[in-house]
There are 2 protein chains.
Amino acid sequence: MTSKDTLTAGEERIFRPVETKRASEAIFEQIRDLIAKGGLKPGDRLPSERNMIEMFQRSRPTIREALRMLERAGYIRTVPGSNGAIVLPPNDKNLENSLADALSIGHISLDQLAEYRTASETVTAGWAALRRSEEDLRAMEQLLERMGRHLDDYEQYVDMDPDFHGLIARAAKNTVSVIFNRTFSKLNRDYMTSRMAEMDGERQRAMTRRVHQMHETIFTAIKAGDAEGASAAMRIHLTAFRDDLSQTGR
Amino acid sequence: MTSKDTLTAGEERIFRPVETKRASEAIFEQIRDLIAKGGLKPGDRLPSERNMIEMFQRSRPTIREALRMLERAGYIRTVPGSNGAIVLPPNDKNLENSLADALSIGHISLDQLAEYRTASETVTAGWAALRRSEEDLRAMEQLLERMGRHLDDYEQYVDMDPDFHGLIARAAKNTVSVIFNRTFSKLNRDYMTSRMAEMDGERQRAMTRRVHQMHETIFTAIKAGDAEGASAAMRIHLTAFRDDLSQTGR
DNA sequence: CGCTCACAACTGGTTTGACCAGTATAACAC
DNA sequence: GTGTTATACTGGTCAAACCAGTTGTGAGCG
């Protein structure tokens, strides 16, 4: 307050942080956006570094910094000698990895993850009931039938579980659901199998059957176009499943 | 099959891919591991680039490539002039960036994103109503009051909107919600402002007021511990908001 | 003595030009 | 045809330099 007319620190929220672009950052964004918008499809090649020098009017180290960023973000892969970096297919590995990182660092607890997953897939199941195509239904029915043949082999069954949930996400016609679903599935899977391995055979079989029945219920609701029912069934399924697992002790 | 004793292409999964390390990659891993293992804590500074030249016995461009990767991965932040890159606290931008990247690379339409966001924040609002602390309520109330003073300046208002939703996510006590919320806000923001900029002043003000009223409603429900009400209000808010924006034409 | 201010010694951002070890391709010999 | 070999690329790396900005320091002022 005693300062003349200079702004002091600790100011109100009048200013937004100014983003001073690094050249490499700008190049990164340009290429990233082009890929995201489909201007560059998976398998396509970027120009060679020396060609990009002319295109971006920037030096090679600068361009290389941008390439390293793109690489880290999972957009491209560069191999020496081979002409130009290759655009990678959309891949959730990065997402899954960073989520896994956050998990291991301990910022996200398994409980919170499970809770969010339950909510997410509950909604997704509802959408699936409204939007599933005949093709979706066929795929689910087929998978369910296959899963039904493995009721006594929980490992096999658990292996296929993510696929079933994945089909639902696909049927929901929302890409965000699909991506998150895959991430959740992957993160939960190890946990799931290890917990089930602790059970005795009797319990494993009982649980597998319970799970399968819920899957059938969910499928029936989705087939009937019953969004409410599908959501409810999914919520019960995931909640019950969580309880089942946590009962195993610890 | 007819080849003598040489291995043909398309071989089985006998070999693991050999990883020929780039120098910058090796440096990246060294620093990343040091940070992950706690050898470098958030707030610490890396040595200056020129110092690292001697430590790693590598040239500056090489070291800079490693720094760009670390930056992209969310481990550090570099500011010009300031001595040495700063180690960031885990989880912060890291996850959001890879989430945003993964979302944008997956060719996700804004519609789908908005739909999922609506569902996600609806659930989150419900949790917030059940779990908000006094501190959470105070923060929301304060922010709402400040926002109420900018009803005629939609730019300012829109700027604070993500903060409000962020507070709700925080109150929901689910880290996944917080992270996703931030990601959604980030992705929606540019879109939002550009759409509102197309409106005439009258409409902007009317809309800002409508939005503010919904914010108040949501807050009231959360304060009252009314999960159903909070969820419902949030759903209405986001849905109405989407409709408002899409009316703008195109 | 304490404060201010200018200057030097940094910092990160960028460029240039060069070299190396590989790869792809096309011309060549067979 | 097939096999070989140049050659002209590619990415990976280095060195030295410049700029614009920050930080730290110390001289000089009050």
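This is a predicted model: local features need pLDDT of at least 70, side-chain atom pairs count only at pLDDT 80 or more; totals for chains, interfaces and linings use all residues.
Residues are numbered from 1 along each chain as its sequence is written, while chains are lettered from A and ligands numbered from 1 in the order in which they are written.

DNA strand C is surrounded by 23 residues, of which A:Ala23, A:Ser59, A:Thr62, A:Gly81 and B:Ser48 are the closest, a residue being near a strand if its C-beta atom, placed from the backbone, lies within 6 Å of it. Two or more residues of this surface come from each of α1 (23–36) and α3 of chain A and α2 (49–56) and α3 of chain B, where helices are DSSP runs (H or I, at least four residues) numbered from the N terminus. Around DNA strand D there are likewise 23 residues, with A:Ser48, B:Ala23, B:Ser59, B:Thr62 and B:Gly81 coming nearest.

The largest nonpolar core holds 67 residues, and B:Ala230 is among those that touch the most other members; such a core is a set of buried Ala, Val, Leu, Ile, Met, Phe, Trp, Tyr and Cys residues joined through C-beta atoms within 7 Å, buried meaning 20 or more other C-beta atoms within 10 Å of a residue's own, and exposed 12 or fewer.

B:Asp111, found in helix α5 (residues 110–131) of chain B, is exposed because 11 other C-beta atoms lie within 10 Å. B:Asp111 and B:Arg242 are 131 residues apart in sequence, yet 9.1 Å apart in space, C-alpha to C-alpha.
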